[in-house]
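Q: Can we walk through this model together? I'd like the numbers and the cut-offs.

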Amino acid sequence: MKLKLKIKGKEWEVEILEEGEDKVKIKVGEKEFIFGKEEEKKGISLIQTSIPKRDFSKKEIKAPIAGVISEIFVKEGDFVKREQKILFLSTMKMENEIISDFDGKAKEILVKKNQEVKEGETLIILE
Amino acid sequence: MRDPEFKIKNFKEISSTNQKAKKLAFNGAAPWLVVVAEKQIAGYGKGKVPWFSPQGGLYFSIILPKSKVDEHSFISTRRPLFGEERARVIEDLQTLTILAAFIVAKVIKENFNLEPFIKLPNDVWVNGKKIAGILTENVIGQEVKLSVIGIGLNTNIEKFPKELENRATSLKIELGREVNNEKILKKIVKELKEQLKTISE
């Protein structure tokens, strides 16, 4: 059940959901509150959880196409900025400059120069 | 006369037309800008192999328009998945490189009565020797950010250094006369643009 409440001119989006047996979850904006029967018995206790954030921990740069790594411009431990040149991937017909999608530290470099890679293969992990 | 459908930016001397075009595209230059150099100091081909680029030859790079994947080309009506769309765009760019080789060969054949041979994927030969090379370069992040296609055509090169002499030739060597670089350039770019229209529509 979704509700929109207006309190003092500010609008709140409230959602009430059943969360497993004997539990009710109430979402107010970004925050979640779960009420269970047991807690109710004890009175007014709340379990507050936050909505799982989008998973930003997986910062992987993958090969967009099969090819050969012809040059790598970063070392493990380097700080990499978004859009920074990471490596060159050569295919039969083209040279591809792979740039980073994220800001982050180069945690692991999984490929070496002259290595062949498949499409979708993880090349570098950032953190 | 109609406005030309592409813009030309001329340089006397440049490190590489592909490098310059990539930089210009990165900084927002519009597609179909053609970077031309009379001479390249650090011209290169596939695998960063140097491309002999003295005065006289034709060296240019074209900033390509961003290709969009036609959603109808995907099975069912679902939207392409992330990554999948990018892969399609890259495939199209590979095809484009071959198309460019074909166009260079066509222009040579139709204008100079020579019998060019396309050495797949990206070279053109005449009489058993290389006369042109093509290098497409992409910058890829979450999407294909930019693409340039570079073409080196040995036009008015009189002589090659010893180590290339047996493998490279030029229009001047084959024809025994000079050719008009600007005319050839315009023919190639125009044809490429036209052909691209046919395949993307």
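What follows is a short chat about chains, contacts, strands and a helix.

Q: What kind of model is this, and what pLDDT do local features need?
A: This is a predicted model; local features need pLDDT of at least 70, side-chain atom pairs count only at pLDDT 80 or more, and totals for chains, interfaces and linings use all residues. Residues are numbered from 1 along each chain as its sequence is written, while chains are lettered from A and ligands numbered from 1 in the order in which they are written.

Q: How many residues of chain A are in contact with chain B?
A: 17 residues of chain A, against 20 residues of chain B. Contact means C-beta atoms, placed from the backbone, within 7 Å.

Q: Which element gives the largest share on the chain A side?
A: Strand β10 (residues 94–99) of chain A, with six residues. Helices (H or I, at least four residues) and strands (E, at least two) are DSSP runs, numbered from the N terminus.

Q: And by class?
A: That side of chain A has six nonpolar, five polar and six charged residues. Ala, Val, Leu, Ile, Met, Phe, Trp, Tyr, Cys and Pro count as nonpolar, Asp, Glu, Lys and Arg as charged, and the others, Gly among them, as polar.

Q: Which strand of chain B does β10(A) pair with, and in which sense, parallel or antiparallel?
A: Strand β6 (residues 129–140) of chain B, parallel, over five bridges. Pairing requires at least two DSSP bridges between the strands. A:Glu97 has B:Val139 as its bridge partner in β6(B).

Q: Which strands make the open sheet?
A: Four strands of chain A, in the order β6-β13-β11-β8, with antiparallel pairing. β6 (59–62) and β8 (79–80) of chain A are the edges; each has a single partner strand, so one side of each lacks a neighbour in the sheet. β8(A) meets strand β11 (residues 104–109) of chain A over two bridges. There, A:Val80 stands opposite A:Gly104.

Q: What does β7(A) pair with over four bridges?
A: Strand β9 (residues 85–90) of chain A, in the antiparallel sense. A:Glu71 has A:Phe88 as its bridge partner in β9(A).

Q: Now the largest nonpolar core. Which residues touch the most other members?
A: B:Phe60, B:Ala100, B:Val104, B:Ile151 and B:Ile188, out of 58 residues. Helix α2 (residues 84–112) of chain B gives the most to this core, eleven residues. A nonpolar core is a set of buried Ala, Val, Leu, Ile, Met, Phe, Trp, Tyr and Cys residues joined through C-beta atoms within 7 Å. Buried means 20 or more other C-beta atoms within 10 Å of a residue's own, exposed means 12 or fewer, and partly exposed is in between; C-beta atoms are placed from the backbone.

Q: What does B:Ala100 touch?
A: B:Ile134, B:Ile149, B:Ile151 and B:Leu192, leaving out residues up to four places away in sequence.

Q: What span should α2(B) have?
A: 42 Å for its 29 residues, and its end C-alpha atoms are 42 Å apart, which agrees. The expected span is 1.5 Å times one less than the number of residues.

Q: Last one. Why does B:Trp32 count as partly exposed?
A: Because B:Trp32 has 18 C-beta neighbours inside 10 Å. B:Trp32 sits in the loop between α1 (17–26) and β2 (33–37) of chain B.

Methods: Contact = placed C-beta atoms within 7 Å.
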